[in-house]
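This report walks through one protein structure. Please look at the sequence and the model before reading on.

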Amino acid sequence: MIAMIRKAVIVAAGLSSRLYPLTLEQPKGLLSLNGEALLERSIDILKRNGITKIAVVVGYKKEQIIKSLGADIDYIFNPFYRECNNMGSLWFASAFIDNDPFLYLHGDIVYDESIIKNVLNSYRETQYDIDLVTDYGPVDEEAMKVKVNSDNCLIESNKQIVQSESAGEWTGIAYIRNVNALFNVIEGIMYTEGISYYDTHAFTKMVLNGYSVHCTPTKGQPWIEIDFLSDYEKAKEMFYDENL
């Protein structure tokens, strides 16, 4: 019997300098959408879908996040948030995870709840080491692109993949089944290469080490990553009526 996913980790430690001046006084995860902070919205979705233990990795203005979200979740402090990227933030959650399968999410994404429902249903049906929820189709230069094989398994993921070779964009949502393998790879990267890498660098290394990383489709459901002011404005338009 396949164990259910009950844990989730959301990484939300960064400075988000590309959104200045919006993030000069507050962290990106507390930007409001329909009167609800981005992180609060994501946590509510996870709870409605049976995720009972949620940790947020914090750094920049962490006190604001803790005060806003309250005591129902765990907080993990990344003291190196100015120097490291989301791969390092994920590593700090290893003790919280304790080898249990978990959902992994970026804190700056807005997504339709059906994506999480589909992720959890797919988890029950597959046995990949990692699944990356992927928006298949054309991408822009800034996208975290994925290159896949004929089985939609990852070959590599990074922003430098040329657009003609990209199958789509990773959404910032994944579920991790082979926890030990991933954290071993992350530790190896941090020890030999440094702490400033994106999490996709670790996923690509997993593939090179023979592990299976599958790119599960969003099935056309809406989502957006908020990096720039234009993304934030677009998110408001995409999800403006969800509470009506």
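Asn 34 counts as partly exposed because its relative accessibility is 33%; buried means under 20% relative accessible area, exposed over 50%, and partly exposed in between, with a 1.4 Å probe and protein chains only. Asn 34 lies in the loop between strand 2 and strand 3 (36-37). Its phi is positive, about 55°, although Asn 34 is not a glycine. Helices (H or I, at least four residues) and strands (E, at least two) are DSSP runs, numbered from the N terminus.

The model is predicted: local features need pLDDT of at least 70 and side-chain atom pairs count only at pLDDT 80 or more, while totals for chains, interfaces and linings use all residues. Residues are numbered from 1 along each chain as its sequence is written, and side-chain values use heavy atoms, with hydrogens and water left out.

**Other backbone features**

Lys 219 also has a positive phi, about 60°, although it is not a glycine. Lys 219 is found in the loop between strand 12 (213-217) and strand 13 (223-225). With a relative accessible area of 58%, Lys 219 is exposed. A cis peptide bond joins Tyr 20 and Pro 21, with omega at about 10°. Pro 21 has its place in the loop between strand 1 (7-12) and strand 2 (32-33).

**The chain as a whole**

The protein chain contains eight helices and 13 strands. Its C-alpha trace spans about 45 × 40 × 35 Å along the principal axes. The radius of gyration, taken over C-alpha atoms, is compared with a globule rule of 2.2 Å times the number of residues to the power 0.38. For 244 residues a compact globule would have a radius of gyration near 18 Å, and the 17 Å of the protein chain agrees with that.

Of the 244 residues, 52% count as buried. The accessible surface comes to about 11200 Å², and 49% of it belongs to carbon and sulfur atoms; the areas come from the Shrake-Rupley method with a 1.4 Å probe, and for residues only the protein chains shown count as cover. Contact means heavy atoms within 4.5 Å. Among contacts between residues at least 6 apart in sequence, 73% join residues at least 24 apart.

**Charges and salt bridges**

The mean positions of the 22 positive and 34 negative charges are 4 Å apart. Lys and Arg count as positive and Asp and Glu as negative, while His and the chain ends are not counted. The place of a charge is taken as NZ of Lys, CZ of Arg, CG of Asp or CD of Glu.

A salt bridge is a side-chain nitrogen of Lys or Arg within 4 Å of a carboxyl oxygen of Asp or Glu. A search of the whole structure finds 13 salt bridges. The table gives examples.

| Salt bridge | N to O distance |
|---|---|
| Lys 7 and Asp 100 | 2.7 Å |
| Asp 227 and Arg 18 | 3.2 Å |
| Asp 108 and Lys 28 | 2.8 Å |

Lys 7 and Asp 100 form a salt bridge. Lys 7 lies in strand 1 and Asp 100 in the loop between helix 4 (94-97) and strand 6 (102-106), so the pair ties together parts that are 93 residues apart in sequence. Lys 7 is buried at 9% relative accessible area, whereas Asp 100 is partly exposed at 31%.

Asp 227 forms a salt bridge with Arg 18. This pair links distant parts of the chain, 209 residues apart: Asp 227 is in the loop between strand 13 and helix 8 (229-238), and Arg 18 in the loop between strand 1 and strand 2. Asp 227 is buried, with a relative accessible area of 6%, and Arg 18 is partly exposed, with 39%.

Asp 108 and Lys 28 meet through their side chains in a salt bridge. Asp 108 lies in the loop between strand 6 and strand 7 (109-111) and Lys 28 in the loop between strand 1 and strand 2, so the pair ties together parts 80 residues apart in sequence. Both Asp 108 and Lys 28 are buried. Salt bridges that share partners join Arg 18, Lys 28, Asp 108, Glu 142, Lys 159 and Asp 227 into one network.

**Around Met 144 and Thr 200**

Met 144 is found in the loop between strand 8 (130-136) and strand 9 (145-148) and is buried at 9% relative accessibility. Leaving aside neighbours within four places in sequence, the contacts of Met 144 include Ser 157, Lys 159, Trp 170 and Thr 200. Thr 200 is in helix 7 (residues 199-208) and is buried, with a relative accessible area of 2%.
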